[in-house]
Amino acid sequence: MGRVALVTGGSRGIGAAIAIALKKARYRVAASYCGGDEVAARFSADNDIPIYRWDVSDYETCVAGIAKVEADLGPVEILVNNAGITRDAMFHKMTVEQWKEVVDTNLSGVFNMTHPLWPGMRERKFGRVINISSINGQKGQAGQVNYSAAKAGDIGFTKALALEGARVGITVNVICPGYTGTEMVRAMDETVLKERVLPQIPVGRLGEPEEIARIVVFLASDDSGFITGSTITANGGQYIV
Ligand SMILES: NC(=O)c1ccc[n+]([C@@H]2O[C@H](COP(=O)([O-])OP(=O)(O)OC[C@H]3O[C@@H](n4cnc5c(N)ncnc54)[C@H](OP(=O)(O)O)[C@@H]3O)[C@@H](O)[C@H]2O)c1
């Protein structure tokens with residue numbers, strides 16, 4: 001039987017593509033979501049992937065959610081921290097709530113999910129933690145001080161934790177997607193997309209969620225054991241680090 005992989009925010013967008021790709025690669029996959037019951041139920045039925053509802057910004061609900069997944073499928077060996085939100089505003093207009101919501105979900109959510117799973121991974125001497133950050137955590141983005149700070153935090157988290165996991169068979173890596181064709185991005189005004197976004201991307205198109213998913217499948221595999229603490233940039237050449 002394949003290893004158990006848990007994908008947060010797996011009901012749609014990049015997370016759904018990751019969950020589907022991991023299932024195709026013969027992992028036993030569980031996905032989580034937060035509030036979109038209908039979308040999540042459809043995703044689960046269409047793909048035969050069990051889905052669980054909890055909010056990654058709350059530590060205790062993560063502990064309870066993980067316990068349910070492990071009772072159903074067994075110990076989680078691959079964790080994909082993909083759940084994320086944006087609450088954009090220029091800094092002078094940003095509210096404390098917008099700051100907190102984004103940091104609590106995109107950064108503390110990564111802690112809240114990884115921390116309860118870490119002791120089991122250490123004991124079993126195997127684990128894969130794959131975090132989904134963003135190009136905007138690397139380069140910064142006006143209107144996204146909260147998001148850029150949280151996503152940059154995910155990169156620091158990855159580097160430090162990779163050093164702790166290295167001796168016990170756990171790799172920790174982070175992927176920074178650029179503009180990717182999910183609902184969020186496709187919902188943008190067509191003119192803004194064509195005239196302002198696409199010209200910034202040297203390959204001349206959006207990324208596909210499946211392109212991010214293929215990186216995850218590689219990082220999850222036993223073949224990737226020498227790759228840890230890495231930041232993998234997938235942005236069509238928009239920001240070269
Ligand atoms: N799309 C892009 O261009 C792009 C670029 C760079 C980085 N990223 C990053 O890639 C990841 C996925 O992005 P996406 O565009 O695929 O997002 P999306 O389509 O908006 O989907 C977000 C997923 O996260 C879940 N989620 C949101 N808040 C949550 C919470 N507090 N607890 C648990 N689950 C939660 C959502 O569940 P519900 O629907 O139930 O709320 C949904 O399943 C995010 O971390 C994002 O920051 C995206």
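Reply: A polar contact here means a pair of N or O atoms within 3.5 Å. Keep in mind that the model is predicted.

An oxygen atom of the ligand lies 2.8 Å from a polar backbone atom of I14. S11 uses its side chain: a polar atom there is 2.8 Å from an oxygen atom of the ligand. D55 faces a nitrogen atom of the ligand instead, with a side-chain N or O atom 2.8 Å away. The ligand on its own has 900 Å² of accessible area, and the protein covers 93% of it.

Now the wider shell. It holds 30 residues, and the closest are S11, I14, G35, N82 and Y147. By type, 13 residues of the shell are nonpolar, 14 are polar and three are charged. Three helices each supply at least two of the shell residues: α1 (13–24), α6 (145–165) and α7 (183–186). I14 falls within the range of α1, and Y147 within that of α6. As for the site itself, the ligand sits in the largest pocket.

One further feature concerns the aromatic rings. The model has one aromatic pair. Y59 and F111 form it, tilted, with 6.0 Å centre to centre and 35° between the planes. Y59 belongs to helix α3 (residues 59–73) and F111 to helix α4 (residues 96–124), so the pair ties together parts that are 52 residues apart in sequence.

Terms used: Residues are numbered from 1 along each chain as its sequence is written. This is a predicted model: local features need pLDDT of at least 70, side-chain atom pairs count only at pLDDT 80 or more; totals for chains, interfaces and linings use all residues. Side-chain values use heavy atoms; hydrogens and water are left out. A residue is near a molecule or strand if one of its heavy atoms lies within 4 Å of it. A polar contact is a pair of N or O atoms within 3.5 Å; within protein, one must be able to donate a hydrogen and the other to accept it, and residues adjacent in sequence count only if both atoms are side-chain atoms. Accessible areas come from the Shrake-Rupley method with a 1.4 Å probe; for residues, only the protein chains shown count as cover. On a 1 Å grid over the protein atoms alone, a cavity is a set of points where a 1.4 Å probe fits but cannot get out, and a pocket is an open set with protein on both sides within 12 Å along at least five of seven lines; lining residues have an atom within 4 Å of a point. A molecule sits in a cavity or pocket if more than half of its atoms lie within 2 Å of its grid points. Helices (H or I, at least four residues) and strands (E, at least two) are DSSP runs, numbered from the N terminus. Ala, Val, Leu, Ile, Met, Phe, Trp, Tyr, Cys and Pro count as nonpolar, Asp, Glu, Lys and Arg as charged, and the others, Gly among them, as polar. Rings of Phe, Tyr and Trp (its six-membered ring) pair if their centres lie within 6.5 Å; planes under 30 degrees apart count as stacked, over 60 as edge-to-face and the rest as tilted.
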